[in-house]
Amino acid sequence: MLLAGTRTLSTSLEWAVCNLLNHPDVERKAREELDTQIGQDHTVDEADISKLPYLQSVILESLRLHPVVPLLAPHMSSADCTIGGYDVPAGTILFANAWGIHRDPTLWNDPTSFKPERFENWKSEAYTHMPFGMGRRACPGEGLAQRIMAITLGSLIQCFEWEKVDGKDIDMTDKMHTLMCRVEPAEAMCRVRPDMVDLLS
Amino acid sequence: MPNTHLYSLFGFFLLVLAVKFLLPTGKKRKNLPPSPPAIPIIGHLHLLKQPIHRTLENLSRKYGPIVFLRFGSRSVILVSSPSLAEECFTKNDINFANRPPFLNGKHLHYNFTTVASANYGDHWRNLRRICAIEIFSSSRLNSSSGIRRDEIKHLARRLQQVSNTGFAKVDLRSMFTDLTFNIVMRMIAGKRYYGEDVNLIEEAKKFKETMQEYADLGGLTNLADVFPIFQSVDYNGFVKKCVGLSKRMDLILQGLVDEHRRDRDRNTMINHLLTLQDSQPEYYTEDIIKGLILVID
């Protein structure tokens, strides 16, 4: 729980906010949804998540472009088998390149662009989007991670305005340091929305 | 005369080739997936440049959706299409449900007994069941939703304080690192590692540093993982480092469990696991509980 549930989550949240900073139109649309669905009498709660399809799309899209475990955790075969008609011997380590699949132009239209709209009316097509892995050993904490991402991003958008530092686009270059993260820790400018002050105090 | 020798040598050579390729040997040649040219002994290790997901994506583009690689003496397949991923994770899911026996699984993960490092089998299935029922079920998550709401409210209040008079600069990484650590620690142990208490702040600092060291030693970073022949000699001190680190982590985790022995009223993951230990002490050992706290897949 400690190892798998903290850095993966914080890194995914950092990517998501960076994506929002680079796409103010998406941030605006997510805020409109929050204002319409929840208003100003309480901060977004886990029970509200199902009413926020656009916010969920923002999270799916951020996880698509920036899966923090891009090759998934390595699996290993216990017996000989065939995959795609080829022989795969026992004891072979399997890497599934989720990052590559998430950016495959034959599966995704304009794959490198951040467009949460692509997940509107999206039917979870098997094996095109797998930030939490697949099969028996997929991440058991997916549900918890989705909840935390949704209420964290939801609250940050609902209660605050966000801007880039000095108006400069966030550099989205990634590096691998056991997880896929941004090269430098990201900074952002934030300001509480005037009509949310009472709610937070 | 020398020519005759040459001819007979050539004839012998042909005969050897014929025997090798024409006679049935009882064992079919393996039809392995496409593979880039390899270097003896190291295989394809020389190709593994960072960032690794981009490098491997380029290999897939060149050699196809399934590529066979050798990392030292380990065989590896790289899969990069939905249909092949599906084949691996549905039809062959149980076959691929093991983890590679890397050194960190042995020395940092209670000798391959955590749910992240254990091979497929009864023990792993049981750990997964505990995760599904005792940790991540909807009812468990619903009962801890107040913790998460509270922690996010704390974060929002802090942001409000700094941005009351106008836009303020915030460091997103440290902000989210603190948030997820606080949420997870409260769910596991019911502890808040911030505020005025200096002892707690010191404890949290040590805890975070130890976790960072764990993260740094994770993954495929060690030569002995791709050349298991080196596993018998700890030539670079990796094992020694792991053993020292896991001892320090174990002390911290044991401390958390012992605190709960003195206070069984918290709605925490540790208390739920201790309740299981009460009924089946021989299975829910301290190491199993600490392993679950430490890592979940």
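**Sheets, contact and a helix**

Mentor: Let's start with one pair: A:Ile93 has B:Val76 in β2(B) as its bridge partner. Keep in mind that this is a predicted model, where local features need pLDDT of at least 70, side-chain atom pairs count only at pLDDT 80 or more, and totals for chains, interfaces and linings use all residues. Residues are numbered from 1 along each chain as its sequence is written, while chains are lettered from A and ligands numbered from 1 in the order in which they are written.

Trainee: How many bridges join β4 of chain A to β2 of chain B, and do they run parallel or antiparallel?
Mentor: Four bridges, and β4 (residues 93–96) of chain A and β2 (residues 74–79) of chain B run parallel. Strands here are DSSP E runs of at least two residues, helices are H or I runs of at least four, and both are numbered from the N terminus. Two strands pair if DSSP finds at least two bridges between them.

Trainee: What's the strand order in that open sheet?
Mentor: β1(A)-β4(A)-β2(B)-β1(B), four strands with mixed pairing. β1 (75–76) of chain A and β1 (66–71) of chain B are the edge strands, each pairing on one side only.

Trainee: And the open sheet of three strands, what's its order?
Mentor: β5(A)-β8(A)-β3(B), with antiparallel pairing. β5 (160–163) of chain A and β3 (168–171) of chain B stand at the edges with a single partner strand each, so one side of each has no neighbour in the sheet. From one strand to the next, the twist averages 40° (axes are lines fitted to C-alpha atoms, and angles run from 0 to 180 degrees between N-to-C directions).

Trainee: Which residues stand opposite each other there?
Mentor: A:Glu161 is opposite A:Arg191 in β8(A), and A:Cys190 is opposite B:Ala168 in β3(B). Four bridges join β8(A) to β3(B).

Trainee: Switching topic: how many residues does the contact take from each chain?
Mentor: 80 from chain B and 77 from chain A, with contact meaning that C-beta atoms, placed from the backbone, lie within 7 Å.

Trainee: Last one: why is α13 of chain B largely enclosed?
Mentor: Because seven of the nine residues of α13 (residues 286–294) of chain B are buried, meaning 20 or more other C-beta atoms, placed from the backbone, lie within 10 Å of a residue's own. Among them are B:Ile288 and B:Leu294. The cover over the buried residues of α13(B) includes α1 (2–5) of chain A and α8 (172–189) of chain B.

Definitions and conventions:
Two residues are in contact if their C-beta atoms, placed from the backbone, lie within 7 Å. A residue is buried if 20 or more other C-beta atoms lie within 10 Å of its own, exposed if 12 or fewer, and partly exposed in between; C-beta atoms are placed from the backbone.
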